[in-house]
Amino acid sequence: MSAISRYVLLVLFVLVNLVAFALMGVDKQRARTHQWRVSEKTLFLAALLFGGTGGTIGMFFFHHKTKHWYFRIFFPLLAIVQLGIFGYLMQILGKH
């Protein structure tokens with residue numbers, strides 16, 4: 001059962017981070033073409049819902065929101081905390 005739980009947790013973690021990464025790319029593209037934008041609340045919500053790693057990678061990959069101090073500080077901080085929690089959960093699920 002724990003192997004399945006670890007697999008599900010891994011898949012969910014990857015999916016949430018892919019969504020956060022994609023949102024950064026979509027918003028950057030919309031900014032370039034002067035279209036309706038993804039709100040900063042939505043970007044932060046994706047990061048808070050364990051998408052901090054994907055959001056951080058997307059921020060630097062797309063060079064998007066890097067001038068905003070609150071993105072530069074909080075996205076990587078969220079990523080570090082979330083990776084720690086994720087690693088801990090994977091370890092706990094591996095012991096059972």
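## Before you start

This is a predicted model, in which local features need pLDDT of at least 70 and side-chain atom pairs count only at pLDDT 80 or more, while totals for chains, interfaces and linings use all residues. Residues are numbered from 1 along each chain as its sequence is written, and side-chain values use heavy atoms, with hydrogens and water left out.

## The overall fold

The chain has three helices and zero strands, running α-α-α from the N terminus. Helices (H or I, at least four residues) and strands (E, at least two) are DSSP runs numbered from the N terminus. Along the principal axes, the C-alpha atoms fill a box of roughly 50 × 20 × 20 Å.

Of the 96 residues, 31% count as buried; buried means under 20% relative accessible area, exposed over 50%, and partly exposed in between (1.4 Å probe, protein chains only). Taking a contact as heavy atoms within 4.5 Å, residues 24 or more positions apart account for 73% of the contacts with a separation of 6 or more.

Helix α1 covers residues 2–32, and its end C-alpha atoms are 45 Å apart. After α1 comes His34, with a positive phi near 55°.

Which residues of α1 are buried? They are Ser2, Phe13, Asn17, Ala20, Met24, Gly25, Asp27 and Lys28, and what covers the buried residues of α1 includes α2 (40–61) and α3 (69–95). Ile4, also in helix α1, is exposed at 54% relative accessible area.

## The nonpolar core

A nonpolar core is a set of buried Ala, Val, Leu, Ile, Met, Phe, Trp, Tyr and Cys residues joined through side-chain atoms within 4.5 Å. The largest one has nine residues: Met24, Val38, Leu43, Phe44, Ala47, Met59, Phe71, Phe75 and Leu78. Both α2 and α3 supply at least two residues of this core, and α2 gives the most, with four.

Leaving aside residues up to four places away in sequence, Phe71 touches Glu40, Leu43, Phe44, Met59, Lys65 and Pro76.

## Two salt bridges

A search of the whole structure finds two salt bridges, each a side-chain nitrogen of Lys or Arg within 4 Å of a carboxyl oxygen of Asp or Glu. In one, Asp27 pairs with Arg37, the closest N and O atoms being 2.8 Å apart. Asp27 lies in helix α1 and Arg37 in the loop between α1 and α2, so the pair ties together parts ten residues apart in sequence. Asp27 is buried at 0% relative accessibility, whereas Arg37 is partly exposed at 35%.

Glu40 forms a salt bridge with Lys65, with the closest N and O atoms 3.1 Å apart. Because Glu40 lies in helix α2 and Lys65 in the loop between α2 and α3, this pair ties together parts 25 residues apart in sequence. Glu40 is partly exposed at 28% relative accessibility, while Lys65 is buried at 11%.

Methods:
The expected span of a helix is 1.5 Å times one less than its number of residues.
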